[in-house]
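Subject: The structure to look through

Hi,

Here is the structure I promised to pass on. Have a look at it first, and then read my notes below.

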Amino acid sequence: MKPARYEIKWEKAEEKLAAHVGASPAHRHGHAAVALSPTEVLVYGGRSTSANCTDAWLLSLDSGAASDCEDENTQYSPVVQWSLIAAAHQDPRGVHRFHTMHAVGMTVYVFGNRFVADSSQTFLNPDHLEVLKFHFVKDARRLTWAPVRCAGLNTVSARCAHSSIVLDDGRIFIFGGQTADGSSYFNDIVIFDPATETVEHLPHALARPTPRSHAAIALVNGSPVVYGGLGPKSQSQSQQLKNKVTATVFANTYTYSLEPRTWIPLSPPRGEIEQELTYRAKHAMVSTGDDFVVFGGMARKGASSGFLSATTTRGQCTFANVEVSGVVPKPRNSGTFLQLTPLVLLCFGGSVGRSYDESVYVGSISSLTPPSVSALKRKRAISSDEPEVAAKRPATASRLSNDARPCPIVSASPDASGADAECLRDLLPVLEVHHYVNPPVVATNKDLMQKLREMEDAAKLSAVKLETVVQEKMALEIAHGKLEAKYEALQEQEAQGRKEVALARLLGMDDEARAKQENSQSTLSGSQEYRVTQADHDEVVTAHNTLRRKYDRLTKKTNALQAIVNAVRTAVASPLPSSRDGSPETNDDMDES
């Protein structure tokens, strides 16, 4: 195993206000979580000890003051707060387990088939892959469910326990999975485009991995990387019964090249010990830009399922240990291991053995680099003064160098001042050791500050308009569905009426006999009830066309607002140009933005 390349300092978060009765919302596994912002995570679905979880929660993360810290090994004590989210138009017949979620603005797409509520091995819709969505209104703490109407899903098999990741172009890459009872596994690719809500199915990609589920996926250097997972049984039937083997745990790694569309198998690490450590399933992993970090999951008997990092270069995947310190979370299956920012990690949920860990852990990740000369001098000075005491002395924040100080979650507003500005200055050395993070530029020009605030206000206003349009669009989709159902019911009534008339003619009934029969029927089955007048038909068609035109206009308006929001966010997030003396430059390009 290679030397450690990354270090993670973990802290156990404190729950601010208990918004739940009984078990914590983290008491679940097989759920899905998506980061809405660096301090907000939406959690939905899964299963607890003895019940399915159909609720949704918002986890809000904040940083406590240094004086509130109870652990002397860390400087900041993270604080979390759980908020229950009300749901509208949610189908109570099915439950989500081992699904995935991805957010596009405040619209969240849920991938994976729902299980029948009272069954653990039956899908509610076993015909094809199920994709649902809901729109989240943060201020109202409310979400509204809606179906995703996509004809391309009819060719994709129903599944759960798949892997998915958002590509650089905004599309969602889905791989693998299994059936409800685990009798079949998949190794096909599904690419979903949320902009058009269309699906591209790639069942025959070259050099495909072995069919598998519960694999982990991350975007490394712009390409999806799949690692580990569970697959079909590889032993004979007699060996399976003897050893009670239900599935095969994989240790191999694949990367998918988008151009050309082909899988590239990466050579496994050499050595038997390394192989034992790298067998994983039901684990999670996050990308660090050029590498990825793995945590938890099922491992071979006797092997640890702790933290590992891996580098994919020249067709090989080389694993290394990860140095961890602080209050480290225990290895777990089907939990959440999420990257909030390039420097901040979040871990909660999942099954730890036969129990659950209801705590929330926040980690600060940094790359291990050779210490500077000043750091070595400080280390020698501390070790020379009372070496026995120094060896037992805890590594508190006051004794940590800037390179090793944990990264707090702060508000990096353009007009940061006081404690926030000081905290940003302290963070600069930590940010510089990550080659994939641009160090923040603190603007001092008042005109530039005012422009940044105006751009942020415009972005917020556009986001509010976009949210209103999306709600109107979803309301139109619901009304459109009701009209379609009414139209189909009218067509069925008309067809039923035609069948009865044809049967009467076939039996040779004359007009007088048929009139007597119609007069003798009840109001619900009378001749006027099953006939659909031209006026009814024209009314439904007119309403449908009106809603369709309004829906198209709202779609265009939504796309325009989304483009404005993305442009403003890009302008706000981009670093300001700096002159040679370090001060921001002003030019015509900034004025035009």
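This is a predicted model: local features need pLDDT of at least 70, side-chain atom pairs count only at pLDDT 80 or more; totals for chains, interfaces and linings use all residues.

Residues are numbered from 1 along each chain as its sequence is written, and side-chain values use heavy atoms, with hydrogens and water left out.

Back to Pro 92: you'll find it in the loop between strand E6 (78-88) and strand E7 (94-95). Helices (H or I, at least four residues) and strands (E, at least two) are DSSP runs, numbered from the N terminus. Along the chain, Pro 92 and Ala 117 are 25 residues apart, and their C-alpha atoms are separated by 7.7 Å.

Now for the rings. The structure has 20 aromatic pairs. Rings of Phe, Tyr and Trp (its six-membered ring) pair if their centres lie within 6.5 Å; planes under 30 degrees apart are stacked, over 60 edge-to-face, and the rest tilted. One of the pairs is Trp 57 with Trp 82, edge-to-face at 6.5 Å centre to centre and 90 degrees between the planes. This pair links distant parts of the chain, with Trp 57 in strand E5 (residues 56-63) and Trp 82 in strand E6, 25 residues apart. Trp 57 is buried at 6%, and Trp 82 is buried at 1%.

Phe 173 and Trp 263 also pair edge-to-face, at 6.2 Å centre to centre and 70 degrees between the planes. Phe 173 is in strand E14 (residues 172-178) and Trp 263 in strand E22 (residues 262-266), so the pair ties together parts 90 residues apart in sequence. Ring pairs link Phe 173, Phe 175, Tyr 254, Tyr 256 and Trp 263 into a cluster.

Some rings have a charge over them too (NZ of Lys or CZ of Arg within 6 Å of the ring centre and within 35 degrees of the ring normal). The charged end of Arg 159 sits over the ring of Phe 186, 4.4 Å from its centre, and that of Arg 212 over Phe 250, at 4.1 Å.

Cheers

Conventions: Buried means under 20% relative accessible area, exposed over 50%, partly exposed in between (1.4 Å probe, protein chains only).
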